Amino acid sequence: MDAYKFPRVSIEFCAACKWHNRAVWYLQEVMQTFSDPEKNFIPEVALQPVYNNPGLFQVVVIKDANSQPEIIYKRKFKKQGLAQEESYYFDGFPDSKLLKGLLRDKLFPQEQLGHIDKYKDVLNDGSCRECKVQE
């Protein structure tokens with residue numbers, strides 16, 4: 001029996017910042033979206049509390065046993081003067097649509113996410129145009 005199942009997603013978070021609930025919510029969102037009974041896209045999501053890296057919140061993907069871990073999302077540190085230009089840096093925390101889209105794009109670019117992909121026409125306030133029409 002293999003110790004890990006792949007692809008594997010790790011949500012690493014600063015435990016001192018009390019981001020446990022946020023990490024658990026993301027875990028639930030990822031499992032609900034990618035745990036299809038037929039395809040089982042993402043069979044493992046790990047929560048990793050970190051104590052030696054204050055403010056850390058990142059999502060790491062390992063595609064298979066031969067792959068290196070790859071960061072797909074990392075929260076920017078606003079008070080640090082370090083360059084944070086890599087594509088995986090984002091302001092604040094992601095909403096679930098962003099995180100699911102990043103995971104899909106990295107692991108299963110050919111797959112659709114259902115209603116998330118249906119509404120790509122987004123207004124400046126973050127709402128979708130089709131939802132506004134229905135109101």
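**Before starting.** The model is a predicted one, in which local features need pLDDT of at least 70, side-chain atom pairs count only at pLDDT 80 or more, and totals for chains, interfaces and linings use all residues. Residues are numbered from 1 along each chain as its sequence is written, and side-chain values use heavy atoms, with hydrogens and water left out.

**The whole protein.** Display the entire chain as a cartoon. Its secondary structure comes to 4 helices and 5 strands; helices (H or I, at least four residues) and strands (E, at least two) are DSSP runs, numbered from the N terminus. Along the sequence they follow the pattern β-α-β-β-β-β-α-α-α. Of the 135 residues, 38% count as buried; buried means under 20% relative accessible area, exposed over 50%, and partly exposed in between, with a 1.4 Å probe and protein chains only. Among contacts with a separation of 6 or more, 56% come from residues 24 or more positions apart, a contact being heavy atoms within 4.5 Å.

**Strand E1.** Next, select residues 8-14, which form strand E1. In E1, 7 of the 7 residues are buried, so the strand is largely enclosed by the rest of the structure. Both of its faces are covered: Arg 8, Ser 10, Glu 12 and Cys 14 lie on one side, and Val 9, Ile 11 and Phe 13 on the other.

**The partners of E1.** E1 and E2 run parallel and are joined by 7 bridges; two strands pair if DSSP finds at least two bridges between them. Within this pairing, Ile 11 stands opposite Leu 47 of E2. E3 pairs with E1 in the antiparallel sense, over 6 bridges, and here Arg 8 stands opposite Ile 62.

**Helix H1.** Select residues 20-34, the 15 residues of helix H1. From first C-alpha to last, H1 reaches 21 Å, close to the 21 Å expected at 1.5 Å a residue; the expected span is 1.5 Å times one less than the number of residues. The buried residues of H1 are Ala 23, Tyr 26, Glu 29, Val 30 and Phe 34. Seen down the axis, these buried residues fall within an arc of 125°, so they line one face of the helix; the arc is that of the directions from the helix axis to the C-beta atoms.

Now show E1, H1 and E2 together: they make a right-handed β-α-β unit. A crossover is right-handed if, with the strands pointing away from the viewer, the path from the first strand over the helix to the second runs clockwise.

**Gln 28.** Within H1, pick Gln 28. This residue is partly exposed, at 33% relative accessibility. Gln 28 and Val 45 are 17 residues apart in sequence and 9.1 Å apart in space, C-alpha to C-alpha.

**Cys 14 and Cys 17.** Finally, show these two side chains. The structure holds 0 disulfides, a disulfide being a pair of cysteine sulfur atoms within 2.5 Å. The sulfur of Cys 17 is 3.3 Å from that of Cys 14, its closest cysteine sulfur, which is too far for a bond. Cys 14 is buried, with a relative accessible area of 2%, whereas Cys 17 is partly exposed at 31%.
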